[in-house]
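Biologist: I would like to learn how to read a model of this kind, feature by feature. Could you take me through one, giving the general idea before each case?

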Amino acid sequence: MTQHLDDFQQSPVWSDAMKRVLFIVTILAMSCLMMASPAVAAADVSVKPLLTEPLPEYPGKEVEMIVVEYGPGGADPIHRHDAHGFIYVLEGSIVMGVKGGKEVTLKEGETFHESPDDIHTVGRNASKTKPARFLVFLIKKQGAPILTPVK
């Protein structure tokens, strides 16, 4: 199989034009992935979507579940959710805070809530050496982004 792939890549069929097209497709795919992940601009943060489900009892609303992982020292930029956000720490310890409120350090098994009007001013891993993971439930307008950066 490897020999056939090598032969194909060396053949005239694997032209410079095809290589350029493959490069462009790769760049576009990476761009789409980066746009789909709101944490790309954050420092060592990953977001894994789990579920998005409409709430028929509340027309125009949906629940979205995500798992967020902060690498050691990872942090979010200042943002808002325009949603009710319910956080449950799965692993490690995180520091959370909203504008006008006190920063809180949450350990595994602890929870945090943000209202739709809150500006999330602090969201970071409490550890510089260990990762932290937490589950987030967002109740928001259907189709709305999970977060909006705030300057």
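Biologist: Leaving aside its neighbours within four places in sequence, which residues is Glu64 in contact with?

Modeller: Before the answer, a word on conventions: this is a predicted model, in which local features need pLDDT of at least 70 and side-chain atom pairs count only at pLDDT 80 or more, while totals for chains, interfaces and linings use all residues. Residues are numbered from 1 along each chain as its sequence is written, and side-chain values use heavy atoms, with hydrogens and water left out. Contact means heavy atoms within 4.5 Å, and on that criterion Glu64, with neighbours within four places in sequence set aside, touches Leu51, Thr52, Val136, Phe137, Leu138, Lys140 and Ile146.

Biologist: Where is Glu64 found, and is Glu64 buried or exposed?

Modeller: Helices (H or I, at least four residues) and strands (E, at least two) are DSSP runs, numbered from the N terminus, and Glu64 belongs to strand E2, residues 61–75. Buried means under 20% relative accessible area, exposed over 50%, and partly exposed in between, with a 1.4 Å probe and protein chains only; Glu64 has a relative accessible area of 12% and is therefore buried.

Biologist: Which strand does E2 pair with, and in what sense?

Modeller: Two strands pair if DSSP finds at least two bridges between them. E2 pairs with strand E9 (residues 132–141) in the antiparallel sense over ten bridges, and Lys61, for instance, has Lys141 as its bridge partner in E9. Strand E9 is also joined to strand E4 (residues 84–91) by seven bridges, again antiparallel, with Leu138 of E9 as the bridge partner of Gly85.

Biologist: How many salt bridges does the structure hold?

Modeller: A salt bridge is a side-chain nitrogen of Lys or Arg within 4 Å of a carboxyl oxygen of Asp or Glu, and the structure holds five. One of them is formed by Glu62 and Lys140, whose closest N and O atoms are 2.4 Å apart; this pair links distant parts of the chain, as Glu62 lies in strand E2 and Lys140 in strand E9, 78 residues apart. Glu62 counts as buried because its relative accessibility is 8%, and Lys140 counts as buried at 1%.

Another salt bridge joins the side chains of Glu91 and Arg133 at 3.1 Å, N to O, and this pair too links distant parts of the chain, with Glu91 in strand E4 and Arg133 in strand E9, 42 residues apart. Glu91 is partly exposed, with a relative accessible area of 30%, and Arg133 counts as partly exposed at 30%. Salt bridges that share partners also join Glu62, Glu64 and Lys140 into one network.

Biologist: How should I read the backbone at Asp82, and what is the value of phi there?

Modeller: Most residues other than glycine have a negative phi. Phi of Asp82, however, is near 50 degrees, a positive value. Asp82 is found in the loop between strand E3 (79–80) and E4, and it counts as partly exposed because its relative accessibility is 39%. Asp82 also forms a salt bridge with Arg80, the closest N and O atoms being 2.7 Å apart.

Biologist: How many aromatic pairs does a search of the whole structure find?

Modeller: A pair of aromatic rings is described by the distance of the centres and the angle of the planes. Rings of Phe, Tyr and Trp (its six-membered ring) pair if their centres lie within 6.5 Å, and planes under 30 degrees apart count as stacked, over 60 as edge-to-face and the rest as tilted. The search finds one pair: Tyr70 and Phe134, edge-to-face, 5.1 Å centre to centre with 70 degrees between the planes. Tyr70 in strand E2 and Phe134 in strand E9 are 64 residues apart. Tyr70 counts as buried at 0% relative accessibility, and Phe134 at 3%.

Biologist: Which residues have the most contacts inside the largest nonpolar core?

Modeller: A nonpolar core is a set of buried Ala, Val, Leu, Ile, Met, Phe, Trp, Tyr and Cys residues joined through side-chain atoms within 4.5 Å. The largest has 17 residues, and those with the most contacts inside it are Val68, Tyr70, Ile87, Ile94, Met96, Phe134 and Val136. E2, E4, E5 and E9 each give two or more residues to this core, and the largest share, four residues, comes from E9.
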